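Please go through the chain below with this briefing beside it. The notes start with the overall layout and then turn to individual residues.

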Amino acid sequence: MTLHRLSSVTIGVPAPEPVAAYYTEFGLQAHENGSFSTLDGGRQLFLEKAATRRLVEMVVGVDDHDDLARAEAALSAAGHRPRSDGER
């Protein structure tokens with residue numbers, strides 16, 4: 001299974017404001033909707049309010065549909081619920 005890129009990550013946190021301040025201090029550019037971007041990667045990090053700190057969503061890129069099918073099978077076997085649009 002070849003994963004070619006981590007396209008975006010959405011993190012749920014109880015208090016988004018201090019976390020947003022941390023990522024801004026780290027050098028990411030903050031946007032109004034709780035997203036952050038780098039100069040070369042675009043908007044890749046998203047924060048949202050949640051009861052506990054957790055991974056909400058992770059978007060990865062693969063080389064082809066076979067890799068996508070293998071990634072979905074591996075995630076399903078691990079107890080996750082992968083969702084694919086078949087294009088990313």
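The points below are grouped by topic.

This is a predicted model, in which local features need pLDDT of at least 70, side-chain atom pairs count only at pLDDT 80 or more, and totals for chains, interfaces and linings use all residues. Residues are numbered from 1 along each chain as its sequence is written, and side-chain values use heavy atoms, with hydrogens and water left out.

**Overall layout**

- The chain has two helices and five strands; these are DSSP runs numbered from the N terminus, with helices (H or I) of at least four residues and strands (E) of at least two.
- Read from the N terminus, the order of elements is β-α-β-β-β-β-α.
- The C-alpha trace spans about 40 × 30 × 20 Å along its principal axes.
- Of the contacts with a separation of 6 or more, 66% are between residues 24 or more positions apart; a contact means heavy atoms within 4.5 Å.

**Surface and charge**

- Of the 88 residues in the chain, 25% are buried; buried means under 20% relative accessible area, exposed means over 50%, and partly exposed lies in between (1.4 Å probe, protein chains only).
- The accessible surface is about 6400 Å², and carbon and sulfur atoms account for 53% of that surface. Such areas come from the Shrake-Rupley method with a 1.4 Å probe, and for residues only the protein chains shown count as cover.
- There are 9 positive and 13 negative side chains, with the centres of the two sets 7 Å apart. Lys and Arg count as positive and Asp and Glu as negative, while His and the chain ends are not counted. Each charge is placed at NZ of Lys, CZ of Arg, CG of Asp or CD of Glu.

**Nonpolar core**

- Nine residues form the largest nonpolar core: Val9, Ile11, Val13, Val19, Tyr23, Leu28, Phe36, Leu45 and Leu47. Strand S1 (3-13), H1 and strand S4 (42-49) each give two or more residues to this core, and S1 supplies the largest share, three residues.
- A nonpolar core is a set of buried Ala, Val, Leu, Ile, Met, Phe, Trp, Tyr and Cys residues joined through side-chain atoms within 4.5 Å.
- In soluble globular proteins, nonpolar side chains tend to be buried together.
- Beyond four places in sequence, Val19 touches Val13, Leu47 and Arg53.

**Thr24 and Ala30**

- Thr24 is in helix H1 (residues 16-26) and is partly exposed because its relative accessibility is 40%.
- Ala30 belongs to strand S2 (residues 29-30). Its relative accessible area is 43%, so Ala30 counts as partly exposed.
- With neighbours within four places set aside, Ala30 is in contact with Thr24, Ser35 and Phe36. Ala30 and Phe46 are 16 residues apart along the chain, and their C-alpha atoms are separated by 9.7 Å.

- Ser35 sits in strand S3 (residues 35-38) and is buried because its relative accessibility is 0%.
- The side chains of Ser35 and Asn33 make a polar contact of 2.6 Å. A polar contact is a pair of N or O atoms within 3.5 Å; within protein, one must be able to donate a hydrogen and the other to accept it, and residues adjacent in sequence count only if both atoms are side-chain atoms.
- Not counting residues up to four places away, Ser35 touches Gln29, Ala30, Arg43, Leu45 and Phe46.
- Arg43 lies in strand S4 and is partly exposed, as its relative accessible area is 42%.
- A polar contact of 2.9 Å links the side chains of Arg43 and His31. Among the residues that Arg43 touches beyond four places in sequence are Ser7, Asn33 and Ser37.

- Thr10 is part of strand S1 and is buried, with 8% relative accessibility.
- Beyond four places in sequence, the residues touching Thr10 are Phe46, Glu48, Arg54, Leu55, Val56 and Glu57.
- Val62 is in strand S5 (residues 54-62) and counts as buried at 13% relative accessibility.
- From C-alpha to C-alpha, Val62 and Ser84 are 11 Å apart in space and 22 residues apart in sequence.
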